[in-house]
Amino acid sequence: MEIKQAKLYDAARKLFLEQGFKATNIASIASKAGVAVGTFYNFYPSKSAIFIDIYNAENEQVKQSILSEVDLTGDPKKVVRKIVQEILKQSQANLILQEWFVNAALNRQISKTNKNAVTDSVVYATLMTLIDSWEKRKLLKAGMSKERIISLFNALTVIDFHQSEIQTDNYFQVLNDLIDGILLVILK
């Protein structure tokens with residue numbers, strides 16, 4: 001990566017993390033990088049193009065971080081709780097990763113650009129690794145498909161983004177109860 005391109009990338013990453021995709025514009029990226037706006041277009045055709053590069057790197061870093069901290073052979077309840085809590089914690093704290101869930105247009109662009117966008121996402125890739133481990137250990141109930149399991153866990157992400165609508169003082173207990181219910185459905 002050229003020096004100017006690296007400066008643009010670093011500036012864009014910082015701005016996307018601080019203020020999100022919509023509030024960041026090309027002029028502010030160029031200014032923070034200390035280059036002219038025209039220089040931006042020498043390296044990236046659009047704001048979404050640089051965002052997708054940054055999103056991919058951020059997604060991979062978080063995925064590797066989570067997988068390195070979890071013993072997939074442990075007690076399924078503890079492992080899933082740890083993974084889900086880490087995914088939610090890291091996604092909530094990262095405006096770049098949040099765009100996957102909250103910006104449908106950008107989500108479609110990421111999916112078009114990355115033919116494996118869904119399967120490479122933090123949630124999907126981490127859970128598939130875990131499901132593969134359970135499958136090898138013969139812990140899954142008969143007839144339980146990977147797609148169904150992923151859908152059940154994806155529902156937790158949707159619920160998490162709407163947690164303010166859940167009338168409870170103990171949200172994380174509700175989340176753990178939902179995890180326990182999902183595990184009852186999928187594991188022997």
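Among contacts between residues at least 6 apart in sequence, what percentage join residues at least 24 apart? Here it's 66%, with a contact meaning heavy atoms within 4.5 Å.

Before you click around: this is a predicted model, where local features need pLDDT of at least 70 and side-chain atom pairs count only at pLDDT 80 or more, while totals for chains, interfaces and linings use all residues. Residues are numbered from 1 along each chain as its sequence is written, and side-chain values use heavy atoms, with hydrogens and water left out.

**The whole chain.** Start with a cartoon view. You'll find 11 helices and 0 strands; these elements are DSSP runs numbered from the N terminus (helices are H or I, at least four residues; strands are E, at least two). The C-alpha trace spans about 60 × 40 × 25 Å along its principal axes. Of the 188 residues, 44% count as buried (buried is under 20% relative accessible area, exposed over 50%, partly exposed in between, with a 1.4 Å probe and protein chains only).

**The core.** Next, select F16, I29, I50, I83, F153 and I186. These have the most contacts inside the largest nonpolar core, which has 52 residues. Such a core is a set of buried Ala, Val, Leu, Ile, Met, Phe, Trp, Tyr and Cys residues joined through side-chain atoms within 4.5 Å. In soluble globular proteins, nonpolar side chains tend to be buried together. Zoom in on F153: leaving aside residues up to four places away in sequence, F153 touches V80, V84, L127, I182, L183 and I186.

**Helix 11.** Now show residues 171–186, the helix that holds N176. N176 counts as buried because its relative accessible area is 13%. Beyond residues up to four places away in sequence, N176 touches R81 and Q85. D180 also sits in helix 11, and D180 counts as buried because its relative accessible area is 19%.

**Helix 6.** Jump to residues 95–102, where I96, L97, Q98, E99 and W100 are the buried ones. At the start of this helix, a side-chain oxygen of N94 comes within 2.9 Å of the backbone nitrogen of I96.

Which loop holds D71? Look between helix 4 (47–69) and helix 5 (76–92). The side chains of D71 and T73 are joined by a polar contact of 2.7 Å; that term means a pair of N or O atoms within 3.5 Å, where within protein one must be able to donate a hydrogen and the other to accept it, and residues adjacent in sequence count only if both atoms are side-chain atoms. For a distance check, D71 and A93 are 22 residues apart in sequence and 23 Å apart C-alpha to C-alpha.

Then pick G34, in the loop between helix 2 (26–33) and helix 3 (37–43). G34 counts as exposed because its relative accessibility is 65%. G34 and A11 are 23 residues apart in sequence and 9.1 Å apart in space, C-alpha to C-alpha.

Last stop: K138, in the loop between helix 9 (122–136) and helix 10 (146–161). Its phi is near 60°, a positive value in a residue other than glycine. Most residues other than glycine have a negative phi. K138 counts as exposed because its relative accessible area is 62%.
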